[in-house]
Amino acid sequence: MPRFSVIIPCHKVQGFLRECLDSVLEQSYRDIEVIAVDDCSPDGCGAILDAYAARDDRVRVLHLPENVGLGRARNAGLPHARGDYLFFLDSDDTLTPGALRALADRLAETADPDVLVFDYARTYWWGGTRRNVLAHVLAESVEGTFTAAERPEILDLLMVVWNKVYRREYVEREGFTFPPGYYEDTPWTFPVLLSAGRIATLDRICLNYRQRRQGNILSTTSRKHFDVHAQYERVFGYVADRPELASWLPFLHAKMGEHCLDILGKPDRLPPSDKAEFFRRTAELFRAHRPEGAEIPPQLRVLERGYPAYVARSQGARAGRALARRAGRVRTAAAGRAHRASAALRSRLPLDPDLVVYSAFSHRGVLGDPAAVHREARRIAPHLRGVWVLRDEELVAGLPPDTEHVILGSAAYRRVTERATFFVNNVNWPGALRKRPGSVHIHTHQGTPLKYMGADLLGKPGARHGLDVPQMLRRADRWDHSLVANLHSELVWERAYPCHFASARTGSPRNDVLVRARGDRAAGEGFRLRHGIPAGHTVVLYAPTRRDYRRGGHVDRIDPARLAADLGEGHTLVVRLHPSLATGPARGLGLSELHRRGVLVDATDEPHVEDVLLAADVLVTDYSALVFDYANLDRPIVVHADDWAAYAASRGAYFDITAEPPGHVARSYRELAWLLASGTWRDAEAARLRSVFRSRFCAYDDGRAAERVVRTLMLGEDMPEPAPVPGARAAASGRDLLPSS
């Protein structure tokens, strides 16, 4: 008996069906059956299904003699299901890699609940991806199982059938089936969740919910949207037959009103001539099922006032939004005039020679190179007043003690930026910040560049999507000093940012701690203890970067669960995603769940990347700039370059890291697994490659970079340039892929 019965109804989806089936049948978890229901589709769906069934005995096909609609097609598949759990998958959606394994593991962990609710992401026809905005509800419900009464917030999630799996015995015992018509998920999901004795959640994106440009049933203008009323009648009838569920009536009454008004408010659902009738029927249903003594939410009271009141409210809301926009523009213009007048007055005040303004990573906190400079300035020049710019008040709690700060755009921000002599940042300052004569802008960058940056992106339209390069260069015109850790960076920055700054051969301040910790394995104990990594474990850090050939930047090049398993006993896998992927769907594609289960450590949210690097015994990366920082520790590095050609073509690269690598190069996952399992990752050849790489890219990192910045660029003192690492080259390699002048 299979663990999952995946029921897939199909009708006029021949363009998407193969992708859907492949996403199921190519899962690493294979204990499944697929029941594909050809709902008398007039296109090639039936032939596609038969072809898949002929080559995979896990697939069974039902050909219905007439079109019965989505709900009844699912019903047709139910009697044929033999699995422990039912999974209803729409034929234009897809499973994410590893989804079924994650579901099976979670079911075992929670001792086979009646229902398991999982996460999904909307994938748009134009290439965008957006995670479920209520994913936090799943993350907050990870402890054991519960009922809807114990955690009613579970009913705030999208009430659809495909973001859950259902224990087949529970479904059969209760006799749940799908009714005909649109919105057939409504009278399934509410009864199923309200009656379930044990519900569990999985905080992982298991399904890509395709947002089609056209062809979506619910986005089709039709009178069939009137079916929603009959579907809610079925929900109310189910509850009426079960007195123990009577307490849910006020909630369901409000949900019905909200749902129907939402349909009415959508421009593409109902024919305009039918909207008044739809409102009338909704109001009748609302009155008929109003629980005695129930408080009507303010937004639903319009259902008691008639259609003209609804129209007036809608028109008033639109007019109010337009008025608010106009008022906002007026306020913005007035504020701009006041700001310019105030700035003009402040510009007459002298600069404060002891005031330094810091920012890092678009004002996200005391981080990176600016943080290292700030710490050193406090040590050797305590008379310098350092003020940090933060994006919002939420970040204040994460500041170190006694750290002065201002919020971006506030009056205090304007005061300090008008008077400061020194500005230290690793990202460009906002365009509105005016550089006063005599002020000194120190740009630290975010490490040594491998991929194209700045003006070099002009020939890479995909990589600079949404990026205004000329504006970036205008902001870079304010730089006085550009910090570099090697001659390669000096060459690249002067080409990528053709502005009037001077290259400062200081080294990277944030790498001082790495240089000083070289050979000291105890330096990473803080991170290991925080994350419960056993003493003696070999820590493998996997740090992938973003891809510019995929909208959103995230591409799964390695299955982290498989890598963690292949590393075996005595190893801990630590994963750190690129910062631009930290808040997107990438975390929900299994990483958060694997971290919760102790399979690996997700270090993406660690504020100080140096702590993560210090804890690692080996770095596995593709083309992340962290490779240059980690090389300072003189520890093994493995480059996983299975898509180097695509990456270099889409983003552009300044040199071929596979030809001049910091360690062994794996061109496939199989090669990577062999390198790690055989111990080759730390052999003599790996050490030789690393030594050559360090001599080139760590040339100025001597552990005194932050001190050099403070003494030479702020205090005006003399200090010798760092002595190059032995063997450092005097110029960039002849094999660099620099764009021609």
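This is a predicted model: local features need pLDDT of at least 70, side-chain atom pairs count only at pLDDT 80 or more; totals for chains, interfaces and linings use all residues.
User: Is T417 buried or exposed?

Analyst: Buried means under 20% relative accessible area, exposed means over 50%, and partly exposed lies in between (1.4 Å probe, protein chains only). Because the relative accessible area of T417 is 10%, this residue is buried.

User: Which residues have the most contacts inside the largest nonpolar core?

Analyst: A nonpolar core is a set of buried Ala, Val, Leu, Ile, Met, Phe, Trp, Tyr and Cys residues joined through side-chain atoms within 4.5 Å. The largest one here has 102 residues, and those with the most contacts inside it are F4, F87 and L103.

User: Which residues are among those in the other core, of 37 residues?

Analyst: In the largest core, of 102 residues, the largest share, seven residues, comes from helix 9 (residues 249–265). Apart from this largest core lies another, of 37 residues, which includes A616, F628, F655 and I657.

User: How many disulfides does the structure hold?

Analyst: A disulfide is counted when a pair of cysteine sulfur atoms lies within 2.5 Å. The sulfur of C40 is 11 Å from the closest cysteine sulfur, in C45, so that pair is too far apart for a bond. C206 is in no disulfide either, with the nearest cysteine sulfur, that of C20, 15 Å away. For the structure, the number of disulfides is zero.

User: What is the pLDDT over residues 727–735?

Analyst: The protein chain has a mean pLDDT of 90, with 94% of its residues reaching 70 or more. In residues 727–735, a stretch that has 16 contacts in the model beyond near neighbours in sequence, the pLDDT is below 50.

User: How far apart in space are R287 and H11, C-alpha to C-alpha?

Analyst: R287 has its place in helix 10 (residues 275–288), and it counts as exposed because its relative accessibility is 53%. R287 and H11 are 276 residues apart in sequence, and in space, C-alpha to C-alpha, their distance is 37 Å.

User: What is the phi of D112?

Analyst: Most residues other than glycine have a negative phi. D112 lies in the loop between helix 4 (99–109) and strand 6 (115–124), and it is partly exposed, with a relative accessible area of 30%. Although D112 is not a glycine, its phi is positive, at about 55 degrees.

User: Where is F361, a residue other than glycine with a positive phi?

Analyst: The phi of F361 is near 50 degrees, and the residue is partly exposed, with a relative accessible area of 22%. F361 is found in the loop between strand 10 (352–359) and helix 12 (368–380).

Notes
Residues are numbered from 1 along each chain as its sequence is written. Side-chain values use heavy atoms; hydrogens and water are left out. Helices (H or I, at least four residues) and strands (E, at least two) are DSSP runs, numbered from the N terminus. pLDDT is the predictor's confidence in each residue, from 0 to 100. Contact means heavy atoms within 4.5 Å.
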